[in-house]
Amino acid sequence: MKEEDFVAKWVVEPRVILDVGCWDGADSMKLKRLWPDCRVVAVEACQWVFEDIGEDVRKSIEVHHVAIGNVDGETNFYSCVDALIPGKSGMSGSMIEPTQKLLDDSVNLRFGIPRSVPCLRLDSLCKRLSIE
């Protein structure tokens, strides 16, 4: 069973889908195809990942550069870089500073200098975007 079929089987017709940490928007697009009348809102905290989201995605869904956290304002975001692919952002990042244990255990992962990114609490994002 394809993952889209599995999701469609168990999810009631949604009015709004919020994809937090949407990366390239591929999953958001799958959900939009499953429910074309649904409002799909995607958020991505990593600046360069957000900038690389394609125009085809941006035309179909709402995309916002923001982290979801426990404060409204700014927060540090630690982007992961895959050491096996120089200059290529990994598929993870966090607002929590990586521990030394994580760095020791994950020899192929390196985290760049934290960057300040916009941050909203989930309720603030929903209010700002008129999501009930």
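Where is Trp23 found? Trp23 lies in the loop between E1 and H2. This is a predicted model, in which local features need pLDDT of at least 70 and side-chain atom pairs count only at pLDDT 80 or more, while totals for chains, interfaces and linings use all residues. Residues are numbered from 1 along each chain as its sequence is written, and side-chain values use heavy atoms, with hydrogens and water left out.

**Strands**
- Strand E1 (residues 16–20) pairs with E2 in the parallel sense over five bridges; strands (E, at least two residues) and helices (H or I, at least four) are DSSP runs, numbered from the N terminus, and pairing requires at least two DSSP bridges between two strands.
- From E1 the chain crosses through helix H2 (residues 26–34) to E2, a right-handed β-α-β crossover (clockwise from the first strand over the helix to the second, with the strands pointing away from the viewer).
- E2 is also joined to strand E3 (residues 62–65), by four bridges and in parallel.
- Val43 of E2 is the bridge partner of Val20, and His64 in E3 is the bridge partner of Val43.
- Strand E2 (residues 39–44) is largely enclosed by the rest of the structure, because five of its six residues are buried (under 20% relative accessible area; exposed is over 50%, partly exposed in between; 1.4 Å probe, protein chains only).

- Trp23 has a positive phi near 55° and is partly exposed at 23% relative accessibility.
- Ser130, in the segment after helix H6 (122–128), has a positive phi of about 55° and is exposed, with a relative accessible area of 60%.

**Helix H1**
- Phe6 sits in helix H1 (residues 3–10) and counts as partly exposed at 48% relative accessibility.
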